[in-house]
Amino acid sequence: MPLEDYRADAMRCTRCAYCKWIPLDKVKSWRFAKGCPSIEYSHFHSYSAGGRLVTALSLMDGRSTATAKVKDSVFQCNLCGSCDVTCKMCRYDMEPLAAMRELRAHLVREGHTLARMEPVVEGLRRDANMLGQPRERRGDWAAELQVKDLTSERAEVVFHAGCRYSFDGELGHIARASVRLLQKAGVDVGILGAAETCCGGRARDLGYEPEFETRSRSLLKAWTRAGVKTVVTPCSDCYYAFKRLYPPQGSGVEVMHMVEFADRLIREGKLQFTHSVPMKVTYHDPCHLGRQGETYVPWNGKEKKIFGQAVCYEPPRPRYNGAFGVYEPPRNVLRAIPGVELVEMERNREAAWCCGAGGGAREAYPEFSNWTARERLEEAAATGAEAIVTACPWCERNFMDAAAGGGAKLQVLDVMQLVEQAL
């Protein structure tokens with residue numbers, strides 16, 4: 001959608017500042033009441049959703065230009081979606097997150113890119129991944145596995161590891177554990193190995209829409225050739241891309257996160273634990289699995305006004321407010337593991353604080369990204385937990401780096417690590 005399509009939202013924003021907080025009915029204390037890392041870090045209105053809507057309106061009207069400070073205010077954001085949830089739950093039916101994504105795409109189309117992001121995007125174009133690693137090494141994480149190669153075989157389920165699990169040597173074992181679990185459950189599963197490509201979701205968040213379309217078309221063709229009916233991924237970023245961005249591209253495959261699949265196996269009696277894991281843990285909801293993990297609903301309607309005032313949509317427009325994200329499956333899995341005690345952080349589910357890695361922040365604004373992760377670790381430590389557990393490699397990597405760099409000293413674990421320990 002062109003930026004002009006969000007003019008109405010930019011005009012309707014009353015600068016109420018709700019976008020800076022978690023939903024007010026979720027607030028439990030002053031200390032952990034804020035929702036937007038960007039405004040809390042920068043302390044200037046331009047770094048909030050409301051401020052970015054003002055910026056978009058000013059650019060559309062030609063009242064300002066894309067200066068370095070304007071670009072900084074647009075891109076120093078995790079695109080975590082907290083503002084989107086609070087805006088819809090507390091006041092309006094607006095689309096601040098979609099507007100901010102389109103604002104980035106608009107700047108990129110106009111040539112106003114961030115120099116710090118160019119190497120990342122060039123690496124994606126060259127090697128089809130977001131980490132700038134040689135594409136021929138993408139399947140190395142699975143070298144010790146006996147699993148179908150879907151470049152020459154067919155399977156009902158494709159396991160998509162994603163960029164981070166494929167190339168991050170400290171995290172690859174989580175992808176291997178996931179595949180072994182699928183095989184143990186009798187799932188007809190395969191991988192694309194070195195032929196797997198980035199999902200393209202992070203490129204889209206950065207404003208590079210052609211790169212997203214190239215990556216999505218490549219994966220959809222590969223899945224079709226292999227006869228894939230279901231894609232399972234342990235990466236929340238990939239999950240969001242496949243669940244929300246791929247259906248308009250023509251995808252009809254079932255999409256499941258690994259924690260959803262594990263939860264299903266437990267409920268069906270196909271996954272039973274034999275070992276106790278005595279540990280007090282708290283669960284971090286990844287933004288792309290939680291509040292942004294809602295199912296895509298196609299809509300092709302139009303806006304109407306009642307008596308020229310009250311806005312409505314014909315037919316009713318899907319309302320993505322984070323309420324129906326993937327929240328219970330990971331918690332169900334953790335509760336099913338003998339010995340695990342699950343405690344909640346104050347900001348959880350759709351009100352969760354971001355890990356700091358999303359939206360290009362980790363690459364372009366490392367200090368901001370690290371600060372965001374340290375804030376979450378402090379909240380996790382306040383629960384008395386020994387470990388922060390999550391279901392996304394980008395969250396895990398950012399938390400691990402923050403903990404090593406002076407953040408709260410907590411173990412950082414993936415749900416599947418605890419599952420593996422309990423089998």
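Ala387 stands opposite Gln411 of β11 in this predicted model. The two strands involved, β10 (residues 387-390) and β11 (residues 411-414), run parallel and pair over four bridges; pairing takes at least two DSSP bridges between the strands. Helices here are DSSP runs of H or I with at least four residues, strands are E runs of at least two, and both are numbered from the N terminus.

Helix α17 (residues 393-404) also packs on α16 (residues 366-381), at about 85° and with the axes 9 Å apart. Axes are lines fitted to C-alpha atoms, for helices over the stretch in contact, and angles between N-to-C directions run from 0 to 180 degrees. The pair is therefore roughly perpendicular (65 to 115 degrees; under 35 is roughly parallel, over 145 roughly antiparallel, the rest oblique). Contact (heavy atoms within 4.5 Å) involves residues including Arg374 and Leu377 of α16 and Phe399 and Asp401 of α17.

Helices α14 (residues 328-336) and α18 (residues 415-422) pack at about 30°, axes 10 Å apart, which makes α14 roughly parallel to α18. Pro330, Val333 and Leu334 of α14 meet Val415, Leu418 and Val419 of α18.

Residues are numbered from 1 along each chain as its sequence is written. The model is predicted, with local features needing pLDDT of at least 70, side-chain atom pairs counting only at pLDDT 80 or more and totals for chains, interfaces and linings using all residues, while side-chain values use heavy atoms, leaving out hydrogens and water.
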